[in-house]
Amino acid sequence: MRKLLVIGIGTGNPAHLTVQAVEALRSLDAVFVLDKGGSKSALTRIRQEICDRYMGERPYRFVAAPDPERDRAPADYGTAVADWHAARAVLLEDLIAQNLPEGGTGGFLVWGDPSLYDSTLRIIDRIAVRGRLPFTHAVIPGISSVQALCASHRIALNRIGEPVHVTTGRRLAEGLPEPLDTTVVMLDGDPALDRLDPDLTIHWGAYLGTPDEIVVAGRIGDVAPEILRRRAEARARHGWIMDTYLLRRPR
């Protein structure tokens, strides 16, 4: 039976890989990547560089295919994402069947940690439910952007004895949950920082853990213009951006 490994690779810094992740890489016969195209092909290149660095002379296949298109402004977000995941499952099922022999081990290199705002595990579940391609799978955790953000700012994620809310930019538009003091925001393609309480403290970071890392912290009313400016400049320079931020209510 084929075996699939879902490997968390951190935020793009090769040093973020755990010993477990490196050992998993060295067991692979094939690596599968869905390439988002354009400037985001740099994300595929970084995966290739990680493989080259840690897999040594082990022969393996690096299988990249264009990621299916998705509706970026759907009337029904949930349905649009479900349709996208279904298309990805069909494509990956074919790629695995064609490029991974029975008894082989294939891998997916996932940004951050596979459990946090990533679709790979859900797509693998879809392939399993289809029942056409028997396989087993395992997950190797990785350093998430939340951990990398706190490390770069040298802060604790939570206040003493208090919970943390992790959400997306899309949900942040509904407002910060009461009475939580700490909220981490991910996948915010167009941060509306000027609409937030100016007295909130923000710890923001982009390209975390890489040579291109940018971090800014302070009162939103003071630093929001700088964050938005530096974010726009970096996105124009690289063609893509991955950023995360933590918000705290004042005490």
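Modeller: Let's start with a network: R159, E162, D181 and R251 are linked by salt bridges. Keep in mind that this is a predicted model.

Colleague: How many salt bridges turn up in the whole structure?

Modeller: A search of the whole structure gives 16 salt bridges.

Colleague: What does D67 pair with?

Modeller: D67 forms a salt bridge with K36, and the closest N and O atoms are 3.3 Å apart. That pair links distant parts of the chain, 31 residues apart. D67 is in the loop between strand 3 (61-66) and helix 3, while K36 is in the loop between strand 2 (30-35) and helix 2 (41-55).

Colleague: And is D67 buried or exposed?

Modeller: D67 counts as buried because its relative accessible area is 12%, under the 20% cut-off. K36 is partly exposed, with a relative accessible area of 38%.

Colleague: OK, helix 2 then. Which side chain does R45 meet in a salt bridge?

Modeller: The side chain of E49, at 2.9 Å from N to O. R45 and E49 are four residues apart in helix 2, so about one helical turn separates them. R45 is partly exposed, with a relative accessible area of 44%, and E49 is partly exposed too, at 41% relative accessibility.

Colleague: What about E93, which residue forms a salt bridge with it?

Modeller: That's R130, with the closest N and O atoms 3.0 Å apart. E93 lies in helix 3 and R130 in helix 4, so the pair ties together parts that are 37 residues apart in sequence. As for burial, E93 is buried, with a relative accessible area of 3%, whereas R130 is partly exposed at 35% relative accessibility.

Colleague: Since you mention helix 4, which of its residues are buried?

Modeller: Helix 4 covers residues 120-130, and T120, I123, I124 and I127 are buried there. Looking down the axis of helix 4, its buried residues fall within an arc of 100 degrees, so they line one face of the helix.

Colleague: And what covers those buried residues of helix 4?

Modeller: The cover includes strand 1 (2-8), helix 3 (77-99), strand 4 (105-110) and strand 5 (135-140).

Colleague: Which exposed residues are on the face turned away from the buried side?

Modeller: R122 and V129 are the exposed residues carried by that face of helix 4.

Colleague: What happens just after helix 4?

Modeller: G131 takes a positive phi there, of about 75 degrees.

Colleague: Switching topic: which residues make the nonpolar surface patch of about 270 Å²?

Modeller: Y117, V166 and L187 make that patch. L187 is in the loop between strand 7 (182-186) and strand 8 (201-206).

Colleague: Why does L187 count as exposed?

Modeller: Because its relative accessibility is 57%, and exposed means over 50%.

Conventions
Residues are numbered from 1 along each chain as its sequence is written. This is a predicted model: local features need pLDDT of at least 70, side-chain atom pairs count only at pLDDT 80 or more; totals for chains, interfaces and linings use all residues. Side-chain values use heavy atoms; hydrogens and water are left out. Patches are made of residues with over 30% relative accessible area and no salt bridge: like charges are joined within 9 Å, nonpolar side chains (Val, Leu, Ile, Met, Phe, Trp, Tyr) within 5 Å. Accessible areas come from the Shrake-Rupley method with a 1.4 Å probe; for residues, only the protein chains shown count as cover. A salt bridge is a side-chain nitrogen of Lys or Arg within 4 Å of a carboxyl oxygen of Asp or Glu. Helices (H or I, at least four residues) and strands (E, at least two) are DSSP runs, numbered from the N terminus. Buried means under 20% relative accessible area, exposed over 50%, partly exposed in between (1.4 Å probe, protein chains only). The arc is that of the directions from the helix axis to the C-beta atoms. Contact means heavy atoms within 4.5 Å.
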